[in-house]
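Load the model in a viewer and keep the selection panel open. The stops below are meant to be taken in order.

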Amino acid sequence: MLEAFRDGMIDGLCITLNPERKAAANSTFDQRLETLYSHYLKALRKDLLSLSFRENIRCNRYPLMRDEKLESYPTGGLIEPMVVYPGVTTGETYQVLVDKKADSIRLRLYDESGENLQADHTWDTRQTAEGIRPRQIKT
Amino acid sequence: MATAESPDGSVQNLIFSYADTKVLIQETLSEPNGIQELQFTDPVATVGNFMMMRFFFPVENWLHFYKVYRATGDKRLLDKLLESARHYHKLSAEYPSAAQQKASDPEGMPFMYSMAAWSRITLQLARKQSGAVSKQEIEEAEAFLKTMVSVLKPTCEGNNSLDPEMGIPQKLADDFRTRAFNRAMNGIGTLSLITVALEDLKALNTTTEYQPTIDRYRKVIQEYIKNWHRIGYLDPNIEGEKHFVYPYAAGDIGKMVDGGKIYRRAEDAGHYSHTLQGLMLLYESTPELGIDDDFMTAVANAVYRSSTVQVEVGKNKKRCILGISKAPLKPDCNQLQKMGTSTVTAQRESGSICWRPSEMA
């Protein structure tokens, strides 16, 4: 769970282990549960962004449904706009580059060769309701 | 962090795949329901065995059900919690004196963990998605809460003998000042679950019936955390970060040396992990009472440091990492207790644990 409060915690706790032992240590039920739960806590702390490839590309902030007064946020958690793109085909390979900065997230989608850019968009992640804005946690 | 949507529409992160999540849920569901005491034909023997059981770690199966539910939202895990919740509800209703005695200090309160967790999740869900919970489930959650309030009444309520400093029942205040933090924190965490579940019930039923109880529980939790913070030490600036350290014993007030707090015995990582399990509930339920993002970050910083920094220990100046938290390996408690782990420590010849920046590697 501490990974949610300080990035690199899991790697830090494995600092004395070689790669094989590290993989073994993280393959147990307890450790997989800790990893999953830490991601839940990150979401609880409103620090989770979603990029989904649907008929268009959507950027959402989670959790997105309601604020503490159980009122829906104006756009749900959607950070507009929804971006038109050629789509992705099952079985095909693509290159995806994501740049996450304090106030923005940029997605670039290339074909397998990396030569043909199919989508490039930067979302302003400040464009969300106050209650679901990411908090800046200093670690 | 990038995420993808699973076939049922729930959000899955790409680090932990949908298939992995399904496997973990199945593994968790295969665990027993966590009822602790042996069942005898003679109920007196059963209750006697219940009184001997230690619930304060807390019961690991309940912890697993709770965490995996929170991380996945799979309702089958709620049903697993409900099995033991019903069991301890029945026991508390049939043997109220035993239940009250068991919950007369924070160490015993976590016997109600599954009742509290199930009630909290159910009522929270009812508030968020009115169609997701049936009327019968809300009634059952209310029944659990009524029982837990009754169980806790002699311990937490009443104004006859209040501690002048804390403003809570004297016996409980005295307990806060003496009981090891790791033994108490899951009880306080359980109390925080009950408190917010009562607030959920209040909102759903638009009743103020439980308001005095809610106010008292919040006061109890707040005083516990204040005392813990007072004994512990929030170092404001270790390499630019906040770190929270504390001793194993509640009575170990420590002393300041070279800008750092020295305890006779700093908390070891094994016990710190039990404290964290209670903190997890407090963070999720009542962060406004002092276990918020900033504080949890200070805890994470302290654990990270103790897990990665090397020091020289003893006459032979043997170099070693201070300790290791629960992840990824189970700690060697004996070794960790000798070393101390919740802060940068070194072992003096006297065997006491101290903190000295100059001994850092």
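A helix crossing is left-handed if the near helix is turned anticlockwise from the far one by less than a right angle, and right-handed if clockwise. Keep that convention in mind at the helix pairs below. The model is predicted.

**Stop 1: two helices of chain B**

Select residues 181-205 of chain B, which form helix α9, and residues 211-231 of chain B, which form helix α10. Their axes lie 10 Å apart, and the packing angle is about 150 degrees. Angles over 145 degrees count as roughly antiparallel, and α9(B) and α10(B) are therefore roughly antiparallel to each other. The crossing of α9(B) and α10(B) is left-handed. To see the contact, show side chains on α9(B), including F181(B), I188(B), L191(B) and L198(B). On α10(B), show the facing residues, among them I214(B), Y217(B), I221(B) and W228(B). By class, the contact of α9(B) with α10(B) holds 11 nonpolar, four polar and three charged residues.

**Stop 2: another neighbour of α9(B)**

Colour I138(B), E142(B), L145(B) and M148(B) on α7(B); they meet I194(B), A197(B), L198(B), L201(B) and L204(B) on α9(B). This contact has eight nonpolar residues, no polar ones and one charged. I194(B) and L198(B) also belong to the contact of α9(B) with α10(B).

**Stop 3: the domains of chain B**

Colour chain B by its domain assignment, which gives domain 1 as 14-231 and domain 2 as 238-359. Where the two touch, 25 residues of domain 1 of chain B are in contact with 20 residues of domain 2 of chain B. Which elements give two or more residues to the domain 1 side? They are α8 (170-178), α9 and α10 of chain B. The largest share of that side, 11 residues, comes from α9(B). The domain 1 side divides by class into 13 nonpolar, nine polar and three charged residues.

**Stop 4: a hairpin in chain B**

Select 233-238 and 241-245 of chain B, strands β3 and β4, which pair in the antiparallel sense over four bridges. D235(B) has H243(B) in β4(B) as its bridge partner. Two residues lie between the strands of this hairpin, and E239(B) takes a positive phi near 50 degrees.

**Stop 5: across the chains**

The crossing of α3(A) and α1(B) is left-handed. F29(A), R32(A), L33(A) and L36(A) of α3(A) make the contact with T21(B), L24(B) and E27(B) of α1(B). By class, these are four nonpolar, one polar and two charged residues.

**Stop 6: a sheet in chain A**

End on the open sheet of three strands in chain A, ordered β4-β5-β6 with antiparallel pairing. Strands β4 (94-100) and β6 (117-124) of chain A stand at the edges with a single partner strand each, so one side of each is left without a neighbour in the sheet. From one strand to the next the twist averages 10 degrees. Zoom in on β5 (104-111) of chain A, which seven bridges join to β6(A). There, Y110(A) stands opposite L117(A) in β6(A).

Terms used: Residues are numbered from 1 along each chain as its sequence is written. Chains are lettered from A and ligands numbered from 1 in the order in which they are written. This is a predicted model: local features need pLDDT of at least 70, side-chain atom pairs count only at pLDDT 80 or more; totals for chains, interfaces and linings use all residues. Two strands pair if DSSP finds at least two bridges between them. Axes are lines fitted to C-alpha atoms, for helices over the stretch in contact, and angles run from 0 to 180 degrees between N-to-C directions. Angles under 35 degrees count as roughly parallel, over 145 as roughly antiparallel, 65 to 115 as roughly perpendicular and the rest as oblique. Two residues are in contact if their C-beta atoms, placed from the backbone, lie within 7 Å. Ala, Val, Leu, Ile, Met, Phe, Trp, Tyr, Cys and Pro count as nonpolar, Asp, Glu, Lys and Arg as charged, and the others, Gly among them, as polar. Domain bounds come from an automatic or database domain assignment.
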